[in-house]
2 protein chains.
Amino acid sequence: MYRSHNCGELRETHQQTQVTLSGWVQTIRDKGFVVWADLRDRYGITQLIFDGERSSKEIMEIAKSLGREFVVQVKGTVIERASKNPNIPTGNVEVLVSEIKILNKSLVPPFTIEDRTDGGEDIRMKYRYLDIRRNPVKNNLIFRHKVAIEVRKYLSDHGFIEVETPYLIKSTPEGARDFVVPSRMNEGQFYALPQSPQTFKQLLMVGGMDKYFQIVKCFRDEDLRADRQPEFTQIDCEMAFVEQEDILNVFEGLTRHLLKEIKGVSIDQFPRMTYDEAMKKYGNDKPDIRFGMEFGELNAIAQHKDFGIFNEAELVVGIAIPGGAAYTRKEIDALVDWVRRPQIGAKGMVYARCNEDGSFKSSVDKFYDQEDLAKWAGATGAKAGDLICVLSGNANKTRTQLSALRMEIAQRLGLRKNNEFAPLWVIDFPLLELDEETGHYHAMHHPFTSPKPGQMELLDTDPGAVKANAYDLVLNGNEIGGGSIRIHDKQIQATMFRHLGFSPEEAKAQFGFLMDAFQYGAPPHGGLAFGLDRLVAILGGQETIRDFIAFPKNNSGRDVMIDAPAPIDDLQLKELHLKLDL
Amino acid sequence: MYRSHNCGELRETHQQTQVTLSGWVQTIRDKGFVVWADLRDRYGITQLIFDGERSSKEIMEIAKSLGREFVVQVKGTVIERASKNPNIPTGNVEVLVSEIKILNKSLVPPFTIEDRTDGGEDIRMKYRYLDIRRNPVKNNLIFRHKVAIEVRKYLSDHGFIEVETPYLIKSTPEGARDFVVPSRMNEGQFYALPQSPQTFKQLLMVGGMDKYFQIVKCFRDEDLRADRQPEFTQIDCEMAFVEQEDILNVFEGLTRHLLKEIKGVSIDQFPRMTYDEAMKKYGNDKPDIRFGMEFGELNAIAQHKDFGIFNEAELVVGIAIPGGAAYTRKEIDALVDWVRRPQIGAKGMVYARCNEDGSFKSSVDKFYDQEDLAKWAGATGAKAGDLICVLSGNANKTRTQLSALRMEIAQRLGLRKNNEFAPLWVIDFPLLELDEETGHYHAMHHPFTSPKPGQMELLDTDPGAVKANAYDLVLNGNEIGGGSIRIHDKQIQATMFRHLGFSPEEAKAQFGFLMDAFQYGAPPHGGLAFGLDRLVAILGGQETIRDFIAFPKNNSGRDVMIDAPAPIDDLQLKELHLKLDL
């Protein structure tokens with residue numbers, strides 16, 4: 001038996017107990033006749049004491065030889081600590097060591113195993129097994145486990161069945177790129193790793209398994225933007241015999257359960273907003289509603305006043321920065337520079353200070369009088385002391401730019417509070433999205449999404465206007481889940497594929513099995529998938545997912561710890577009927 | 001709202017309630033003025049009645065147009081059934097339909113959606129979504145979900161953390177073939193799909209996450225023997241600061257919990273048997289101990305009696321078939337033919353009838369007298385009325401042959417009872433296994449398994465004799481789990497790789513990260529993995545795993561429903577820097 005207790009367990013009530021502990025040496029303080037060492041395991045830290053008077057010479061020698069991260073087993077007696085440490089639960093006691101065994105030595109670790117380590121991202125990833133010893137990473141992984149447990153508990157209690165769908169499936173050119181897996185037994189053919197179990201969960205609905213879920217890895221061979229992973233985890237869900245309202249209720253219930261059980265936060269009813277409204281008020285389909293700064297559209301009040309820039313703009317829109325009237329000219333210039341950075345792309349920014357005395361001072365006083373500016377304040381909700389910032393131009397681009405400014409300002413003002421949770425349903429998404437480069441429409445959610453009843457006809461005349469029974473769950477400005485009511489009729493699915501540019505042959509080759517299935521009594525169905533990595537990170541009060549993943553990959557899709565991907569040998573290639581083409 | 005109740009829910013207490021049901025039409029009986037239809041969903045079957053006197057003409061017409069597997073929604077009143085059906089929970093009531101809506105039509109399904117279907121394996125797999133509507137498959141999937149829930153519950157309650165390990169890892173030529181995944185962003189390089197998360201769980205132990213588990217898909221590109229799948233699911237577990245005994249106790253606890261919660265079977269303590277004993281008594285490292293027929297070795301009593309075949313044999317070994325003395329000569333000849341089939345490979349079989357009067361009649365009476373045969377009976381535990389069957393030859397082969405005979409006979413005698421559960425730990429496995437073809441030793445469990453203390457030295461002199469702290473959990477003659485105490489010392493791991501034929505360079509290239517990790521304070525650790533597919537099948541009283549997998553692949557590794565694997569297009573190949581080499 002390696003241990004009778006763990007390192008987070010001993011209290012004053014254990015005094016005089018003989019215990020066996022095992023763990024890692026966190027620190028050693030050698031005062032000559034007394035040596036203290038902190039012994040650490042997953043559960044905490046316990047102080048060990050080696051004492052020249054009470055411990056054997058041999059033990060003292062071993063104690064003095066210990067290094068950081070050595071793995072040791074000790075036996076000893078729990079005694080009261082002379083100088084107590086109120087910061088740790090075991091801080092009132094220490095273990096007077098009577099036996100010690102070094103289970104394994106350690107080289108000096110390449111970074112400190114502390115909450116605030118001296119190791120940078122790269123070295124922490126290379127030695128991820130050491131990084132996981134640190135509380136922040138370890139606690140994130142335990143936190144993730146707890147979230148997954150609660151998700152499974154809630155869904156199982158509500159009659160959902162977790163069904164494992166296959167990982168070796170078929171490649172489809174729709175959406176992001178697939179990772180493919182050459183088949184040795186089927187020459188020249190490939191499996192693909194699933195981007196999601198979408199078609200399989202729909203087939204489960206056709207199969208009568210009317211409440212399905214799965215916590216499942218998904219794969220996308222994308223050029224990795226920051227904080228994306230080629231493999232990621234979804235909470236994938238689907239229900240049959242439901243309407244959008246049923247789905248929203250169930251998954252609002254799940255999210256409410258998580259907020260309550262994991263964070264102790266009670267939220268009654270989640271607000272809902274249409275996609276159009278979200279774009280109009282926040283310039284963003286995943287608005288952070290923990291704070292205000294809603295958009296005020298100024299076209300009606302700011303155009304046709306001799307200010308050509310506004311007059312030529314499709315949209316003139318502003319927000320009010322709370323307390324921003326106090327910004328210096330230099331600070332405001334910096335904001336203007338910020339929105340003009342290529343990443344944001346605004347041409348410029350008009351502003352108006354709302355002075356405490358009720359007067360206004362704007363960068364366009366030449367064109368607008370006090371009365372005009374008072375209207376701006378009304379439209380943007382600006383109060384005395386605020387700064388109105390106005391962007392203009394192409395409607396979509398301007399909204400995106402102003403949304404970025406809104407988020408940046410909120411971040412600077414500390415309005416994006418980690419311990420505050422503001423969920424929001426965004427509903428009525430467009431069915432199709434115009435690809436500005438190609439001029440083609442593609443599915444905004446995916447090609448299985450059902451248009452709203454009675455809107456099929458619009459597909460031919462005004463495809464961009466067709467709305468879908470598609471919805472996202474947004475939490476603190478992040479999309480944590482999204483889904484839709486699906487098509488369950490073969491003809492409608494065929495029409496949809498046609499509108500998305502599939503020839504009938506392509507549709508049949510890739511999704512024939514699904515359309516076949518729809519002929520055998522497919523029930524109405526719909527679902528939703530949560531991104532577990534992000535959900536966990538946001539519930540954990542953070543926005544980067546990497547430290548909630550045990551072994552993440554870097555931005556080139558590499559695992560720098562195991563050094564993968566890597567070349568394979570020629571025999572393997574030959575067996576797979578492949579040649580490199582470099 | 002598509003339904004107020006499900007189809008398994010209504011009872012006499014619901015009489016006169018207005019209900020809405022949705023589901024599939026299971027059967028229709030049209031008596032002209034009355035039509036009955038059974039409506040089915042995941043939860044059960046409810047009888048609908050359409051009655052010329054009480055239902056509108058329009059409804060009667062729709063009712064008469066219904067076909068099997070049509071999806072319908074009905075509203076109606078729960079009424080008492082004239083002729084009750086005691087076989088289903090809803091059998092006392094029916095729903096008098098007042099409104100009906102056909103939600104989707106269905107072609108005639110290619111096989112009947114009944115517990116005993118007329119569909120063969122191939123067609124059921126092609127239309128798996130219809131197969132899943134059948135109770136046996138549906139219930140298996142729900143059963144699997146329940147087992148997984150209980151596994152997670154037990155392990156979480158015992159302090160285990162489920163950690164997701166990566167699916168895109170590195171190919172290693174050890175063991176079975178890897179499935180590989182070409183990397184687009186890293187030219188000419190490949191990921192591999194994990195055969196198990198072995199190295200990652202060991203790294204988690206180095207990382208201090210001392211109790212880990214994961215229910216996880218694993219992948220092996222093997223030539224598929226019957227009832228193997230290229231992707232399969234493991235309950236993967238690992239613990240640090242443990243000895244073999246700790247691990248056996250925890251996972252015996254888990255298995256006991258499953259037997260109790262899932263099957264209502266209480267088993268106190270699981271018996272244990274060494275590998276050597278299992279081979280000697282059952283000729284098999286996963287003996288089915290639900291029944292006896294233990295091996296009796298006869299070398300000492302049957303050799304040197306002028307019977308050359310036995311005298312030349314390395315091993316003479318027999319079993320006693322209960323009641324087998326009554327077999328006719330023809331039946332016994334059939335048994336002899338059975339063991340001589342190429343799949344079994346015995347040269348012949350000697351037998352002795354144990355007559356009810358205490359006398360013996362053998363096929364080798366020329367060489368053995370009654371006293372000799374009485375000794376055979378003693379060694380094999382044969383009683384009056386039994387038949388002693390004796391095989392001889394090379395020890396390993398003969399054991400395997402006799403084990404096959406033992407299992408076959410038990411099957412024929414109905415001794416392998418589905419509702420009886422006989423778990424068994426087989427311990428002290430050899431560390432290495434001789435590959436008879438190549439003459440090389442390879443790791444019996446895997447190259448990370450620790451030899452028993454003090455046996456490292458034997459590696460050079462008698463590698464086959466080295467025992468490992470490796471163990472299997474056997475249930476009803478199937479290996480449901482296996483594991484070992486691992487090496488946690490870099491030098492020992494390096495020695496092991498050397499003995500397995502890795503050059504130091506190969507070892508470093510493939511497992512350098514693990515050996516590096518061992519230098520930074522690796523704790524003693526070990527673990528175990530259960531095969532979930534088989535565990536679930538055996539708990540479910542079956543031995544084939546396929547019907548406990550929602551979307552299995554066939555023996556060529558194909559998913560015949562979605563028709564995968566499949567060719568990919570040239571652009572995809574080009575992006576992956578690959579050419580076909582057919």
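The model is a predicted one, so to speak of local features takes a pLDDT of at least 70 and side-chain atom pairs count only at pLDDT 80 or more, while totals for chains, interfaces and linings use all residues. Residues are numbered from 1 along each chain as its sequence is written, chains are lettered from A in the order in which they are written, and side-chain values use heavy atoms, with hydrogens and water left out.

A:K281 pairs up with A:E294 in a salt bridge, with 3.8 Å between the closest N and O atoms (a salt bridge being a Lys or Arg side-chain nitrogen within 4 Å of an Asp or Glu carboxyl oxygen). A:K281 sits in helix α7 (residues 275-282) of chain A and A:E294 in the loop between α7 and β12 (296-297), so the pair ties together parts 13 residues apart in sequence. Helices here are DSSP runs of H or I with at least four residues, strands are E runs of at least two, and both are numbered from the N terminus. A:E294 is partly exposed as well, at 33%.

A:K153 and A:D157 also form a salt bridge, at 3.3 Å. Both belong to helix α4 (residues 135-157) of chain A, four residues apart, or about one turn of the helix. A:K153 is partly exposed at 43%, whereas A:D157 is exposed at 55%.

Over all chains, the count reaches 87 salt bridges.

Definitions and conventions:
Buried means under 20% relative accessible area, exposed over 50%, partly exposed in between (1.4 Å probe, protein chains only).
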